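Work through the exercises below with the sequence and the model open. Try each task before you read its solution.

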Amino acid sequence: MDAFNSSQPQVDLSKLSEYDKRELQQNLQNEMQKAKIQESIHNLTDICWTKCITKGISSGKLDRNEESCTQNCVDRFLDANEAVLKHLNALRGGNVM
Amino acid sequence: MNDSFAASSDSKTAILKQIQQEVAINNARQLIDKMNNHCFQKCVPTPGSSLSRREEGCLTQCMEKYTATWNTVSRQYIARIQKSSSMGGIGNDDGAGI
């Protein structure tokens, strides 16, 4: 990625006006949010591929079972995530230290 | 005065552009990494002295399939987070989890 970095113009942060700084900060937050969502999608794809694509590869498309398995996989993973959090919360609540 | 205003907004655009590029590159890299892992696993069960034509064909289909899976997951996941955020979210606005 050297070529990529060296092609970037040098940017002087001190030249930013207050307004631009604030706007930039908002933009950066959006980008970080986007990156986080992409990361989750990669993670889920990883998990659901392993769960749902169990046969050998005989086509580049998802068949109907694989498609619905993948959709269920995403929803149930998120349900499981919520259930775990809920249970952890309950444990924390029951355990007054 | 006008000059420094222009410089400020130029820098802002440059920084934002760089960050967006990095996010995009990172996204592509992750996709390629995982695709490569999974497709190697599926298509090259016992590595020989070179990739056979069959293995190459499998890899091509596998890449398509992995991308299709990624798209399905993406649609499903985004629909889900949109639904839960329009319901006021379940105490989950910081994207906790995963």
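**Exercise 1. Charges across the interface**

Task: State how many salt bridges there are between chain A and chain B, then examine one of them.

Solution: 
- Step 1. The count between chain A and chain B is 7 salt bridges. A salt bridge is a side-chain nitrogen of Lys or Arg within 4 Å of a carboxyl oxygen of Asp or Glu.
- Step 2. One pair is B:R80 and A:D75, whose side chains meet at 3.4 Å, N to O.
- Step 3. This is a predicted model: local features need pLDDT of at least 70, side-chain atom pairs count only at pLDDT 80 or more, and totals for chains, interfaces and linings use all residues. Residues are numbered from 1 along each chain as its sequence is written, chains are lettered from A and ligands numbered from 1 in the order in which they are written, and side-chain values use heavy atoms, with hydrogens and water left out.

**Exercise 2. The setting of B:R80**

Task: Is B:R80 buried or exposed? Which residues does B:R80 touch?

Solution: 
- Step 1. Find B:R80 in helix α2 of chain B, residues 53–86. Helices here are DSSP runs (H or I, at least four residues), numbered from the N terminus.
- Step 2. B:R80 has 14% relative accessibility, so it counts as buried (under 20% relative accessible area, 1.4 Å probe, protein chains only).
- Step 3. B:R80 touches A:D75, A:L78, A:D79 and A:E82, leaving out residues up to four places away in sequence. Contact means heavy atoms within 4.5 Å.

**Exercise 3. The interface as a whole**

Task: How many residues does each chain bring to the contact?

Solution: 
- Step 1. Chain A brings 50 residues and chain B brings 47 residues.
- Step 2. About 4700 Å² is buried between chain A and chain B, and carbon and sulfur atoms give 63% of that area. Buried area is the accessible area (1.4 Å probe) that two parts lose on being put together, summed over both.
- Step 3. A:H42, A:W49 and A:I57 supply 16% of what chain A buries against chain B, more than any other three residues.
- Step 4. Across this interface, 18 residue pairs are in polar contact, both partners at pLDDT 80 or more.
- Step 5. α2(A) gives the largest share of chain A's side, 21 residues.

Technical notes. Polar contact = N/O pair within 3.5 Å; in protein donor to acceptor, adjacent residues only side chain to side chain. Helix = DSSP H or I, 4+ residues; strand = E, 2+ residues; numbered from the N terminus. Buried < 20%, exposed > 50% of the residue type's maximum accessible area, 1.4 Å probe, protein only.
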